[in-house]
Amino acid sequence: MGEGKGSTLVHLLVVVLCLVAFGFAIAAERRRSIGHIEKDATNATYCVYNSDVATGYGVGAFLFLLSSESLLMGVTKCMCFGRSLAPGGDRAWSIIYFVSSWATFLAAEACLIAGAKKNAYHTKYVGMIYAQNFTCETLRKGVFIAGAVFVVATMILNVYYYMYFSKATATKAALKTNRTSSVGMTGYA
């Protein structure tokens with residue numbers, strides 16, 4: 001980690017994994033299941049749903065975002081188990097970005113996995129209901145979009161977290177190497 005910038009490879013991997021998760025979340029929103037009402041020969045009404053592709057996309061987005069967060073937390077040792085950070089603004093900002101990125105990460109993962117679960121449930125549901133005003137339940141619009149927005153927020157916060165974390169650890173190392181002693185070691189004559 002030269003000069004407090006951090007590893008370019010870590011920055012690149014975090015961004016790429018988050019962008020792939022974002023793409024999967026958008027694809028999941030576009031391909032979410034939609035149901036329509038069918039009637040059979042006995043005049044029974046039931047729901048028929050289209051494909052279950054959105055569930056796979058939602059789980060894929062969940063896993064890519066999880067790998068991005070795991071990579072970053074592994075490199076920084078979750079900010080708790082590695083070297084201590086130098087006091088100052090860089091440490092304060094890294095703590096702020098750390099907490100913020102975890103909050104957006106948890107929100108994104110909740111949206112993605114809940115959307116995938118709800119989408120999968122409705123695509124597998126087929127039941128006969130004898131009712132006149134019957135609608136087929138589907139996943140609400142925007143669940144995967146909310147996940148995608150939180151994925152982008154997580155990506156941005158993770159990049160800033162790693163940048164300030166790298167500065168705080170580099171500052172601590174620089175302070176250690178530049179320390180001079182004020183104790184005189186000359187002999188008495």
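Which residue forms a salt bridge with Glu 29, and how far apart are the closest N and O atoms? The partner is Arg 32, and those atoms are 3.4 Å apart. A salt bridge here is a side-chain nitrogen of Lys or Arg within 4 Å of a carboxyl oxygen of Asp or Glu. By that rule the count is one. Glu 29 and Arg 32 are both buried. Buried stands for under 20% relative accessible area, exposed for over 50%, and partly exposed for what falls in between, with a 1.4 Å probe and protein chains only.

Some background. This is a predicted model, in which local features need pLDDT of at least 70 and side-chain atom pairs count only at pLDDT 80 or more, while totals for chains, interfaces and linings use all residues. Residues are numbered from 1 along each chain as its sequence is written, and side-chain values use heavy atoms, with hydrogens and water left out.

Next, the aromatic residues. Rings of Phe, Tyr and Trp (its six-membered ring) pair if their centres lie within 6.5 Å; planes under 30 degrees apart are stacked, over 60 edge-to-face, and the rest tilted. That gives nine aromatic pairs. One of them is Tyr 97 with Tyr 160, a stacked pair at 5.4 Å centre to centre and 20° between the planes. Tyr 97 is in helix 3 (residues 89-124) and Tyr 160 in helix 4 (residues 143-177), so this pair ties together parts that are 63 residues apart in sequence. Helices are DSSP runs (H or I, at least four residues), numbered from the N terminus. Tyr 97 is buried at 16% relative accessible area, whereas Tyr 160 is partly exposed at 37%.

Another pair is Tyr 161 with Phe 165, tilted, at 5.9 Å centre to centre and 45° between the planes. Both lie in helix 4, four residues apart, about one turn of the helix. Tyr 161 and Phe 165 are both buried. There is also an aromatic cluster, made up of Trp 93, Tyr 97, Tyr 160 and Tyr 164.

On to the surface. Leu 9, Leu 12, Leu 13, Val 16 and Val 20 form a nonpolar patch there, with about 410 Å² of accessible area together. Patch residues have over 30% relative accessible area and no salt bridge; like charges are joined within 9 Å, and nonpolar side chains (Val, Leu, Ile, Met, Phe, Trp, Tyr) within 5 Å. Accessible areas come from the Shrake-Rupley method with a 1.4 Å probe, and for residues only the protein chains shown count as cover. Val 16 sits in helix 1 (residues 8-30) and is partly exposed at 41%.

Key:
Helix = DSSP H or I, 4+ residues; strand = E, 2+ residues; numbered from the N terminus.
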